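Have the sequence and the model open side by side. Here is a short walk through the fold.

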Amino acid sequence: VMRRKMKLTSSLQDLPYQIVKSCCKFLCAFARISVENQWVLFSHLDLLLQHAEKHPDLASCSEYSLLDIAISTIRGNQELALSLEETHFEHVVALLVAMTTGIPKKTTSLVISMSASEWAPNGGEKCLEWLYNAVWVEDTRVLENAYIVVRLL
């Protein structure tokens, strides 16, 4: 009886993380369906990046995260890449710095429930992928964004 109770408690602790992961997975797929869906998510890009910056521990998980949604939102869309604002880049660069210099210990129920295989402490590659998608769109450089990235880095 005690083992069953412990197993149930463990699965309940994983629930918030599983919900966030499932929502992120759905929104990534939603963004890939059409350009119109990318535009819908683009209107919330600043909010996504702000939350990712506030919770770098969640952005560095190896599966779907807020940063993956941000990547899917701009991937392959030159109009959206040209519509990016400098604040978007600032959030991603700040997140990159937080991930590569060491994430401050923030214990949240979501972090505690992550397994070791889902945790990528140097998750900066997602930040670099977002920056790459902001600068290169279907083999075409977006120079305005490239200049911003160079200046911020």
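Where is the place of Glu-138? Glu-138 sits in the loop between strand E1 (136-137) and strand E2 (140-141). Asp-139 is found in that loop between E1 and E2 too. Look at the backbone here. Most residues other than glycine have a negative phi. Glu-138 has a positive phi, near 50°, and is not a glycine. Asp-139 also has a positive value without being glycine, with phi near 65°. Now turn to the side chains. Glu-138 counts as exposed because its relative accessible area, 63%, is over the 50% cut-off. Asp-139 is exposed as well, at 76%.

Before going further, consider confidence. This is a predicted model. The protein averages a pLDDT of 80, and 73% of the residues score at least 70. Confidence is highest in H2, at 97, and lowest in helix H8 (residues 109-112), at a mean of 42. Over residues 104-114 the pLDDT is below 50. That stretch still has 19 contacts in the model, beyond near neighbours in sequence. Where pLDDT is low, the predicted coordinates should not be read in detail.

An α-helix has 3.6 residues a turn, so residues three or four places apart point the same way.

Is Trp-39 buried, exposed or partly exposed? Its relative accessibility is 34%, so Trp-39 counts as partly exposed, between the cut-offs of 20% and 50%. Which residues does Trp-39 touch, not counting those up to four places away in sequence? They are Asn-77, Glu-79, Leu-80 and Ser-83. Take Glu-79 from that list. Trp-39 and Glu-79 are 40 residues apart in sequence, yet their C-alpha atoms are 9.5 Å apart in space.

Move on to helix H3 (residues 45-54). Leu-45, Leu-48, Leu-49 and Ala-52 are its buried residues. Their arc around the axis is only 95°, which puts them on the same side of H3.

H3 has a partner in helix H7 (residues 86-101), and the two axes come within 9 Å. They cross at roughly 20°. That angle is under 35 degrees, so H3 and H7 count as roughly parallel. Their crossing is left-handed. On the H3 side, the contact involves Leu-45, Asp-46, Leu-49, Gln-50, Ala-52 and Glu-53. These meet Thr-87, His-88, His-91, Val-92, Ala-94 and Leu-95 in H7. Leu-45, Leu-49 and Ala-52 are also among the buried residues of H3.

H7 packs against helix H9 (residues 124-135) as well, with the axes 8 Å apart. How do H7 and H9 run, roughly parallel or roughly antiparallel? The angle is about 155°. This is over 145 degrees, so H7 and H9 are roughly antiparallel. The crossing of H7 and H9 is left-handed. From H7, the contact uses His-88, Phe-89, Val-92, Leu-95, Leu-96 and Met-99. From H9 come Gly-124, Cys-127, Leu-128, Trp-130, Leu-131 and Ala-134.

How values were computed:
Residues numbered from 1 in each chain as written. Heavy atoms only, no water. Buried < 20%, exposed > 50% of the residue type's maximum accessible area, 1.4 Å probe, protein only. Contact = heavy atoms within 4.5 Å. pLDDT = per-residue confidence, 0-100. Helix = DSSP H or I, 4+ residues; strand = E, 2+ residues; numbered from the N terminus. Axes fitted to C-alpha atoms, helices over the stretch in contact; angles between N-to-C directions. Parallel < 35°, antiparallel > 145°, perpendicular 65-115°, else oblique. Left-handed = near helix turned anticlockwise from the far one by under 90°. Arc of directions from axis to C-beta.
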